[in-house]
Amino acid sequence: MEKVVFTNGCFDLIHPGHVDLLRRARELGTKLIVGINSDASVRGIKGPKRPLMGENERAAVLLGIRYVDDVVVFDESTPERLIREIAPDVLVKGGDWKPDEIVGSDFVLQYGGEVHSLPLLGDYSSTAIAEKFSNDTDGSVSASTPHDTATKSLEEHLSTFQELLTANTESIRRCAALIVEALRNGGKVLICGNGGSAADAQHIAAEFVGRYETERRSLPAIALTTDTSALTAISNDYGFDKVFERQVSGLAAPGDVLIAISTSGNSPNINAAVMRAREIGCATIGLTGAGGKKLAGLCDNSVLVPSTRTARIQEAHITIGHIWCEIVDREFAEIVDAN
């Protein structure tokens, strides 16, 4: 009897870790189907400079590996639709994804399927390999005089925002469209930020509340959930990684939208909240930095700020929040005027 195994990823630069994962995945069944992100989807998860190989080339390489039986390209940021269509007997991801972070796991488990998070072989990484061949700087500030530090920081700020303008504007618009759609349908906006990003969440929440301080009665309801930096820091230190998940469980409803903020994209608190929001039926938006592919891979739409420096990322997140508020203002101007 056929036993279908499914795994997915970008598979931009195939390395020994990929081959090992595919081998072990295939051993769990009789047929291995690999879902790969389309070129547009990879850009949404890893930024505008990826992928290095197009979707057809990546599919051809995978089909040349003897453990792979079929390859399917998907356009969304997550393979949830594809998983529901295939209904695999076994769902597999690498060990950098916890079982409760694997998109589609709830669906597969419902009908008795298996979900596996397989340990990774070594420290192989497509992103790390790509960076070896990149001439781009990582945005770090070298030791210098205070005057030079100020100049360099401002130059980094301008460079980051220029790249946001040229490469991320469409992502910002797509996320804004999710917010507008939720509000038009009477849904709520929920915002959560982990650690230092809690301050970003509070700032953006205050911006939304301030915008609607006098017009709220004329617009759909808006509920915002944030937490203080101190609380999330304590939660992280003591291993309580369900803070935001519980808030989402208590406040969210189908049709709402969750804005999840994490500069690294690797916060268990944030990722758990996103997974819970998906289960409820909320749209999900990720705000993260250049390395935040995990959070981006869990959300419906994301904006990856093209920087690895926390300061630059947080500056951009607050600005993006302002932009979303301005877009919402314009979209609802007619409703406000009519009332």
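Before you start clicking, one cut-off to keep in mind: a residue is called buried under 20% relative accessible area, exposed over 50%, and partly exposed in between. At 44% relative accessibility, then, R184 counts as partly exposed. Remember too that what you have open is a predicted model.

**Stop 1: R184 and its partner**

Select R184 and E331 and show their side chains, which meet in a salt bridge, 3.2 Å from N to O. This pair ties together distant parts of the chain, with R184 in helix α8 and E331 in helix α14, 147 residues apart. E331 has a relative accessible area of 37%, so it is partly exposed as well.

**Stop 2**

Now colour α8 (residues 169–184) and α14 (residues 310–331); their axes lie 10 Å apart and the helices pack at an angle of about 50°. That angle makes α8 oblique to α14. For the contact itself, select I172, C175, A176, I179, V180, L183 and R184 on α8, then I320, I323, W324, I327, V328 and E331 on α14. Sorted by type, the contact residues come out as 11 nonpolar, no polar and two charged. If you want the handedness, α8 passes α14 in a right-handed crossing.

**Stop 3: R309 and E156**

Next, pick R309 and E156, whose side chains form a salt bridge at 3.0 Å, N to O. Here too, distant parts of the chain are linked: R309 sits in the loop between β9 (301–305) and α14, E156 sits in helix α7 (residues 146–167), and 153 residues separate them. Is E156 buried or exposed? Its relative accessible area is 13%, so E156 is buried, whereas R309, at 26%, is partly exposed.

**Stop 4: α11 against α12**

Move on to α11 (residues 243–251) and α12 (residues 268–280), which pack at about 25° with axes 7 Å apart. That makes α11 roughly parallel to α12. This crossing is right-handed. On the α11 side, select V243, F244, E245, V248 and S249; they meet N269, I270, A272, A273, R276, A277 and I280 of α12. The tally for this contact is eight nonpolar, two polar and two charged residues.

Stay on R276, which makes a salt bridge with E279, their closest N and O atoms being 3.0 Å apart. The two are three residues apart in α12, so about one helical turn separates them. R276 is partly exposed at 25%, and E279 is partly exposed at 46%.

**Last stop: a network**

Finish by selecting D20, R23, R24 and E27, which are linked in a network of salt bridges. Across the whole structure, a search finds 20 salt bridges.

Key. Residues numbered from 1 in each chain as written. Predicted model: local features only at pLDDT ≥ 70, side-chain atom pairs only at ≥ 80, totals over all residues. Heavy atoms only, no water. Axes fitted to C-alpha atoms, helices over the stretch in contact; angles between N-to-C directions. Helix = DSSP H or I, 4+ residues; strand = E, 2+ residues; numbered from the N terminus. Parallel < 35°, antiparallel > 145°, perpendicular 65-115°, else oblique. Left-handed = near helix turned anticlockwise from the far one by under 90°. Contact = heavy atoms within 4.5 Å. Nonpolar A, V, L, I, M, F, W, Y, C, P; charged D, E, K, R; others polar. Salt bridge = Lys/Arg side-chain N within 4 Å of Asp/Glu carboxyl O. Buried < 20%, exposed > 50% of the residue type's maximum accessible area, 1.4 Å probe, protein only.
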